[in-house]
Amino acid sequence: MYDVHVIFDNRPGEQGEIAAALEQAIAAVAATMADPSRVKMLCALMDGRAWTATELSVAADVAPSTASGHLARLVEGKLITCLSQGRHRYYRLAGHDVAALVEQMMGLSWSRITPPETSAPKALREARTCYDHLAGTVAVHIYEFMQAEGWLEADGSALTLHGREQFLKLGIPLNPNTRRKACCACLDWSERRFHLGGEAGAALLIHMGSKGWIQRVAGYREVVVTASGKSAVRKHFSR
C-alpha cells in the first residue's frame, strides 16, 4: 500500500507530476474494471484458481472472441496474469492486492443496493473462499472471536503476541518473512463485516483444510464446513 505522505514528500517541482501520475494510475485501474463482463471474470477468478479463456467467457456470458478482448485489457491493466503451459493458456488474478481490491469492491457495492434476502445462496454466504483465505459467516465469527480475545491488533493489521502464540498452539505455521501483509481485516461482501485476510488468513485456511474441518467444492468458491470443522470452530473460536 502506498504511503501518501511519503509520495508527496518530494521537491516542490515534482509534487504536481507525482500527483498527476498517481491520479492517472487510479483512473486506469478504475477504467479497466469498468465493464460488467470484466467484473464477472475477476469475480470468477476470486476462487484462487487459474481459468482458461473459454471458461472465463462462459463465466462472463460472452463469446470467446469478445472474452479475448476483455482478457487482454485485464492483462494490460495488470489485474490478471496469463500463464502458458504447453499449448494451453490460463489466467489468474495478478496477486493478493488485486483479490483484496475485488473483495472490497464487492463490499462497497453491496452497501449501495437493496438486494432481496435470498440474493446469494445460503451455502455461499455461510462459507466460501476469498482468493486464498476463508470468507462468509463462519470466517466473520472467527475474526470477531480473535478480536474479542486479543489475538489481533485493534485495526486488524497484525496478530498480537498472544495471537501468534495461539496460532502456534493450534499448529498453524506463520511465515515471518512474508512479502505480503502478515494480517489484515478484509471486508466480507455478504456479511458486511470483516474476516481475516493476509498471510494469517491464508495459513488458517490451509490448516482448516488439512485438518478436514472444511472441504472445497470443486470449481466453486463455496466451502463446506464439516461436522468436525463445526466442532473445532466451537472449541477453538467460541467464548
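Reader: Okay, so two strands pair if DSSP finds at least two bridges between them. With that in hand, which strands form the hairpin that holds glycine 86?

Author: That's the hairpin of β2 and β3, with two residues between the strands. Keep in mind that this is a predicted model. Glycine 86 takes a positive phi near 65 degrees there.

Reader: How many bridges hold β2 and β3, and in which sense do they pair?

Author: Six bridges, in the antiparallel sense, with β2 covering residues 80–85 and β3 covering 88–93.

Reader: Tyrosine 91, then: buried or exposed?

Author: Buried, because its relative accessible area is 9%, and the cut-off for buried is under 20%. Tyrosine 91 lies in strand β3. Its contacts beyond four places in sequence include Leu45, Trp51, Leu56, Leu71, Val75 and Ile80.

Reader: How far is its C-alpha from that of threonine 52?

Author: The C-alpha atoms of tyrosine 91 and threonine 52 are separated by 6.1 Å, although the two residues are 39 apart along the chain.

Reader: Switching to helices. Which residues of α4 are buried?

Author: Leu56, Ser57 and Ala60, in a helix that runs over residues 53–60. Down the axis of α4 these buried residues fall within an arc of 105 degrees, so they line one face. The face turned away from them carries Thr54 and Val58, which are exposed.

Reader: And what covers the buried residues of α4?

Author: The cover includes α3 (36–44), β1 (51–52), α5 (64–76) and β3. Just after α4, by the way, aspartate 61 has a positive phi of about 60 degrees.

Reader: What about α11, which of its residues are buried?

Author: Gly229, Ala232 and Val233, in a helix that spans 227–236. They sit on the same side of α11 because they cover an arc of only 100 degrees around the axis. Ala227, Arg234 and Lys235 are exposed on the face turned away. Among the elements covering the buried residues are α8 (137–148), α10 (198–210) and β9 (223–225).

Reader: New topic, electrostatics. How many salt bridges are there?

Author: Five. One of them joins the side chains of aspartate 188 and arginine 128, at 2.9 Å from N to O. That pair links distant parts of the chain: aspartate 188 is in the loop between β6 and β7, arginine 128 is in strand β4, and they are 60 residues apart.

Reader: Is that pair's aspartate 188 buried or exposed?

Author: Buried, at 0% relative accessibility. Arginine 128 is buried as well, with a relative accessible area of 0%.

Reader: Which residue does arginine 239 form a salt bridge with?

Author: Glutamate 149, with the closest N and O atoms 2.9 Å apart. Arginine 239 is in the segment after α11 and glutamate 149 in the loop between α8 and α9, so parts 90 residues apart in sequence are tied together. Arginine 239 counts as exposed at 77% relative accessibility, whereas glutamate 149 is partly exposed at 33%.

Reader: Which residues are linked in a salt-bridge network?

Author: Glu144, Glu191 and Arg193.

Reader: And what sits in the turn between β6 and β7?

Author: Six residues lie between those two hairpin strands, and arginine 192 in the turn has a positive phi of about 60 degrees. Four bridges join the antiparallel β6 (184–187) and β7 (194–197), with cysteine 186 opposite histidine 195.

Reader: Last one, the surface. Which residues make the nonpolar patch?

Author: Val29, Leu101, Met105 and Leu108, over about 280 Å². Helix α6 (residues 96–110) gives the largest share, three residues. Leucine 108 in that helix is partly exposed at 41% relative accessibility. Across the protein, the accessible surface is about 13,700 Å², with 56% of that on carbon and sulfur atoms.

Conventions: Residues numbered from 1 in each chain as written. Predicted model: local features only at pLDDT ≥ 70, side-chain atom pairs only at ≥ 80, totals over all residues. Heavy atoms only, no water. Buried < 20%, exposed > 50% of the residue type's maximum accessible area, 1.4 Å probe, protein only. Arc of directions from axis to C-beta. Contact = heavy atoms within 4.5 Å. Patch = residues over 30% accessible without salt bridge, like charges linked within 9 Å, V, L, I, M, F, W, Y side chains within 5 Å. Areas by Shrake-Rupley, 256 points an atom, 1.4 Å probe, with all protein chains shown as cover. Salt bridge = Lys/Arg side-chain N within 4 Å of Asp/Glu carboxyl O.
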